[in-house]
Amino acid sequence: AALAFIVAFFRPPQVSRRHSVDYVGLMTLGLGLCALLLATSWGGTQYPWGSWQVISLYVASAVILTVFVANENYAVEPVLPMRLWKNSIFTLSNASNMFVAMAMYGAVFYIPLYAQGVIGLSATNSGAVLIPLMLSAIVVSIFVGRLITRTGRYKGSCSPG
């Protein structure tokens with residue numbers, strides 16, 4: 001219903017402007033992340049961690065992502081402008097998001113395995129163990145979103161005293 005309403009009534013202003021697509025940035029970011037993910041997922045399963053396949057993928061990833069960062073400093077319309085990292089809110093938000101995502105995915109993947117393999121719960125019950133985690137994540141997200149909307153602030157004040 002919302003999509004139908006948007007299609008029927010939303011008319012954004014049409015401003016034509018020439019854009020330049022950062023093809024080098026797109027390719028280097030995609031290739032660098034693919035090499036990093038392949039090395040991480042293949043290491044210890046498909047190939048030993050010290051094998052030339054895994055090590056060369058990590059080296060290729062580092063080189064390609066270094067080219068990506070260098071390219072982003074000179075691109076007219078970069079994929080990820082490097083100036084954003086000078087903003088402490090952007091940097092700390094991304095760092096905290098990375099740690100929260102690692103903890104959340106770790107919990108979502110390993111708690112059911114632990115519940116089923118170690119405690120001996122059924123597959124259904126081991127999945128149901130995650131219900132409190134998911135419900136609390138939803139409640140906290142709603143609370144924080146409403147708090148930010150009400151106060152208009154997403155960052156605490158750092159005034160002394």
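I take helices (H or I, at least four residues) and strands (E, at least two) as DSSP runs, numbered from the N terminus. The model is predicted, so I kept to the rule that local features need pLDDT of at least 70 and that side-chain atom pairs count only at pLDDT 80 or more, while totals for chains, interfaces and linings use all residues. Residues are numbered from 1 along each chain as its sequence is written, and side-chain values use heavy atoms, with hydrogens and water left out.

Entry 1, Glu 72.
I found Glu 72 in helix H3.
I then looked for a partner of opposite charge, counting Lys and Arg as positive and Asp and Glu as negative, with His and the chain ends not counted. Glu 72 has no salt bridge, and the nearest side chain of opposite charge is Arg 83, 8.8 Å away. A salt bridge here is a side-chain nitrogen of Lys or Arg within 4 Å of a carboxyl oxygen of Asp or Glu.
The side chain of Glu 72 does make a polar contact with the side chain of Asn 71, at 3.1 Å. For that term I used a pair of N or O atoms within 3.5 Å; within protein, one must be able to donate a hydrogen and the other to accept it, and residues adjacent in sequence count only if both atoms are side-chain atoms.
With residues up to four places away in sequence not counted, Glu 72 touches Asp 22, Gly 25, Pro 78, Val 79, Leu 80 and Met 82. Contact means heavy atoms within 4.5 Å.

Asp 22 sits in the loop between helix H1 (2–9) and helix H2 (23–42). Asp 22 is buried and also lacks a salt bridge; Arg 83, the nearest side chain of opposite charge, is 11 Å away.
What does the side chain of Asp 22 make a polar contact with? I noted the side chain of Asn 71, at 3.0 Å. A polar atom of the Asp 22 side chain also lies 3.0 Å from the backbone nitrogen of Gly 25.
Leaving aside neighbours within four places in sequence, I listed contacts of Asp 22 with Asn 71, Glu 72, Ala 75, Glu 77, Pro 78 and Val 79.

How many salt bridges does the structure hold? I found one. It joins Glu 77 and Arg 17, whose closest N and O atoms are 3.9 Å apart. The pair links distant parts of the chain, 60 residues apart: Glu 77 is in the loop between helix H3 (52–72) and H4, and Arg 17 is in the loop between H1 and H2.
Glu 77 is partly exposed at 28% relative accessible area, and Arg 17 is exposed at 58%.

I placed Asn 73 in the loop between H3 and H4. Its relative accessibility is 48%, so Asn 73 counts as partly exposed. A polar atom of its side chain lies 3.3 Å from the backbone oxygen of Val 69.

The axes of helix H4 (residues 88–119) and helix H6 (residues 131–151) come within 11 Å and cross at roughly 155°. The two helices are therefore roughly antiparallel to each other. The contact is made by Met 104, Ala 107 and Val 108 of H4 and by Leu 133, Met 134 and Ala 137 of H6.
Axes are lines fitted to C-alpha atoms, for helices over the stretch in contact, and angles run from 0 to 180 degrees between N-to-C directions. Angles under 35 degrees count as roughly parallel, over 145 as roughly antiparallel, 65 to 115 as roughly perpendicular and the rest as oblique.

I noted 33 Å from C-alpha to C-alpha between Glu 72 and Gly 44, which are 28 residues apart in sequence.

Conventions
Buried means under 20% relative accessible area, exposed over 50%, partly exposed in between (1.4 Å probe, protein chains only).
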